[in-house]
Amino acid sequence: MKDIRILAIESSCDETAAAVVRNGRDVLSNVISSQIDLHTLYGGVVPELASRKHIENINPVITQALLDAGVTLAEIDAVGVTYGPGLVGALLVGVAEAKAIAYARKLPLIGVHHIEGHVCANLIEHPELEPPFLCLIVSGGHTHLAMMEDYGLFRILGRTRDDAAGEAFDKVARAIGLGYPGGPKIERAAEKGNPSAIEFPRGKVDGSPYDFSFSGMKSAVLNYLNHAAMTGETVSQEDVAASFQQAVVDVLVERAVQAAEEFGQDKLVLAGGVAANSALRRALSVACENRGIRFYHPSPVLCTDNAAMIGAAAYYHLIRGERSGWDLNAVPNLPLPG
Ligand code: KG4
Ligand code: ZN
């Protein structure tokens, strides 16, 4: 069978990314231009600045992705692009670019759901992995426990009722003075702290065993800090980071393992930016091993936003004959396809 090369583009938040992926799982190039330094100045992502940076970076990033892959546009068979969810202005840059290239080169255009992309990051490094499988999706905007029934087809078992897991990391990091980006900074601080020093609540949602709630945990951290400030107690940044991280990890592991057992699943796939957290990976790995569940996670560079994962997801739509129209638009609140 002829090789299929997809040029993939991702610009949903603060990374401008392009990749060339062969046959869905073979990454020929993966270029990521991060805006972290810019947004760090403001303590978080500033949507307007993100769009402007995407405009500046997108052409050089695509050129680099083609160069790294050793291919020209003439050797590309389709263009895949994230069209939601995400920041509307940021998404529009990638969508407009993908449409322009596909139209000019007469190539199929494939709009990809960003979260489906995160899950498909696992296909790249695990050639044997095929749906159906259970997935735990933990990013800055999403926390879902879902079955991927087939490529591009999800059944949601649980979701967060308030903050996403990554959002909670970011907010707690800000509260304890670590700043942006919160996840990696909490992880680093937590390495020197005691995870049992402070008992933060492991929020449950009544009547919904697979839903999550992280805002209570975040509020408990804020209350702890306020109380310490009023009583003059010293606060150990490391202990707060370690105890908060432990609370998040406990909740995620407990719900994921419970769902795997209830739904008779022997494969658990971790996805999204928070999947880069090594405490979470370690805890899930142990819990899965004890129960005979095979645990999959991407390497850190494929956990956070990248375009290789979008190319992997786009491939399975392409080979099923699915195409997006020239009216493809950015959809900031795009629901998971299911
Ligand atoms: O998937 P992602 O790159 O963007 C979204 O689609 O949201 O996820 C970003 C989120 C941020 O909230 C960030 O703090 C979190 O992932 N994150 C981490 C780690 N690395 C990134 N959270 C915990 N530990 C990490 N090492
Ligand atoms: Zn993401």
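Let's start with one helix: H9 buries Ala279, Leu280, Arg281, Leu284, Ala287 and Cys288, where buried means under 20% relative accessible area with a 1.4 Å probe, counting protein chains only. This is a predicted model, in which local features need pLDDT of at least 70, side-chain atom pairs count only at pLDDT 80 or more, and totals for chains, interfaces and linings use all residues. Residues are numbered from 1 along each chain as its sequence is written, chains are lettered from A and ligands numbered from 1 in the order in which they are written, and side-chain values use heavy atoms, with hydrogens and water left out.

H9 covers residues 278-290, and its 13 residues reach 18 Å from first C-alpha to last, close to the 18 Å expected at 1.5 Å a residue. That expected span is 1.5 Å times one less than the number of residues. Helices (H or I, at least four residues) and strands (E, at least two) are DSSP runs, numbered from the N terminus. At the start of H9, a side-chain oxygen of Asn277 comes to within 3.1 Å of the backbone nitrogen of Ala279. After H9 comes Gly292, with a positive phi near 70°.

What covers the buried residues of H9? The cover includes strands E6 (133-138), E9 (267-271) and E10 (294-296), along with helices H8 (237-262) and H10 (300-303).

## The nonpolar cores

A nonpolar core is a set of buried Ala, Val, Leu, Ile, Met, Phe, Trp, Tyr and Cys residues joined through side-chain atoms within 4.5 Å. The largest one here has 51 residues, and Leu280 and Leu284 are among those that touch the most other members. H8 gives the most to this core, with 14 residues. Apart from it lies another core of 38 residues, including Ala78 and Ile310.

Leaving aside neighbours within four places in sequence, Leu280 is in contact (heavy atoms within 4.5 Å) with Val138, Val249, Leu252, Val253, Leu270 and Val274.

## Around ligand 1

Which residues come nearest to ligand 1? Of the 18 around it, they are His118, Gly140, Asp170, Glu187 and Gly273. An oxygen atom of ligand 1 is 2.7 Å from an N or O atom in the Asp170 side chain, and a nitrogen atom of ligand 1 lies 2.7 Å from a polar side-chain atom of Glu187. Taken alone, ligand 1 exposes 550 Å², and the protein buries 88% of that, with areas from the Shrake-Rupley method and a 1.4 Å probe.

Key
Buried < 20%, exposed > 50% of the residue type's maximum accessible area, 1.4 Å probe, protein only. Polar contact = N/O pair within 3.5 Å; in protein donor to acceptor, adjacent residues only side chain to side chain. Near = heavy atom within 4 Å.
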